[in-house]
Amino acid sequence: MNKDIKYFGIDISHLVFDVTDSDGNYYQFKNNLFGFKKFIKLLGSDSHCVMEATGYYHYQLAYYLLESDIKVSVENPLAVKRFIQMKLSKIKTDKSDSKLISEYAKQVELKLWTGNSKHQTECLQMLRLLSVYTKQSTILKNKLHGESVLGNPSKAVVSSLKRSLKQVQKEMITLEDKLMILVKEVHQDVLTCLKSIPGIGAKTSLMLVVLTDGFERFTSGSELCSYAGLTPVIRKSGSSVNGRPRISKIGNQKLRNLLFMCSFNACKYNKACREIYERLVAKGKSKKLALMTVCNKLLKQAFAIAKSGLVYDQTYRSVLVKN
């Protein structure tokens, strides 16, 4: 804790945000531009605002503070929740949460939030919409299949479903093309290098670049694997607790799911991944554990390739294992 810094714990909801500073003073403001302007009058060069990543609600305030040259930290909600539980608090209100977030800020090492560039923000918005369209497409296909097995399916229903599916698929193609153009404007070289890795195709390369911001926010392969939730969690204590190691799953679920789907092809066509998979299965490890290890390997390969600017070469082992 830096005694020269005044911390402001912020609990944000849809309409308002509650604030408690490190001196114990409490305020409430509307979660809009008018409220932001009133709140910033309380802040100075020694202020540090701390909030949770609450879905979409925190973004406008966080960017407003960032543009006003105020220090901002956006913390993992799970870390804040564990801190609140540790305090054994019997009260759960927005006011009490803001107070506890302020106490949390004074006791942990905070990482400054830098936000995303406009380019990265637009790419992420497109990716999220593509995810929605993909789910809609799956639902419509399943519904069409369900109607087709009926003895006498309604022609009106089937026609409507087909029209909806066609429209969703058309929107997906349009959005994918626009996203590809947008990513190529900034990360063309990285995109080309990633596509050279066996097991990673064009769409996967695109998603990897968007989800990692072109790998620019990471300094090592291990850090990237931790971000994806692919690092192992060990549970051992004394003689009674000896749990099986599992992946943490505390990380970007989209990135983890994407790599898991790629791991099947990687086991066939990527020599380094295939060797790891076969070695683990031969030792009696489960196939799922072996595939997760392949995911870890794939991600480290992608990081090394992106940072080196070289295309994949399975004979150049030092690049593939570099962290």
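The buried residues of H4 pack against strands E1 (6-12), E2 (16-21), E3 (26-30), E4 (47-52) and E5 (71-75), and against helix H3 (77-86). Buried means under 20% relative accessible area, with a 1.4 Å probe and protein chains only. Contact means heavy atoms within 4.5 Å. Helices (H or I, at least four residues) and strands (E, at least two) are DSSP runs, numbered from the N terminus.

This is a predicted model: local features need pLDDT of at least 70, side-chain atom pairs count only at pLDDT 80 or more, and totals for chains, interfaces and linings use all residues. Residues are numbered from 1 along each chain as its sequence is written, and side-chain values use heavy atoms, leaving out hydrogens and water.

In H4, the buried residues include Ser96, Asp97, Leu100, Ile101 and Tyr104.

The largest nonpolar core holds 56 residues; Leu179, Leu208 and Phe215 touch the most other members. Such a core is a set of buried Ala, Val, Leu, Ile, Met, Phe, Trp, Tyr and Cys residues joined through side-chain atoms within 4.5 Å. H6 gives the most to this core, with 13 residues. Another core, of 19 residues, lies apart from it, with Tyr64 and Ile70 among them.

Phe215 touches Val190, Leu194, Leu208, Leu224, Ala302, Phe303, Ala306 and Lys307, leaving aside residues up to four places away in sequence. Phe215 lies in the loop between H7 and H8. Asp213 is found in the loop between H7 and H8. Neither residue is a glycine, yet each has a positive phi.

| Residue | Phi | Relative accessible area |
|---|---|---|
| Asp213 | about 55° | 12%, buried |
| Phe215 | near 65° | 0%, buried |

Conventions
Buried < 20%, exposed > 50% of the residue type's maximum accessible area, 1.4 Å probe, protein only.
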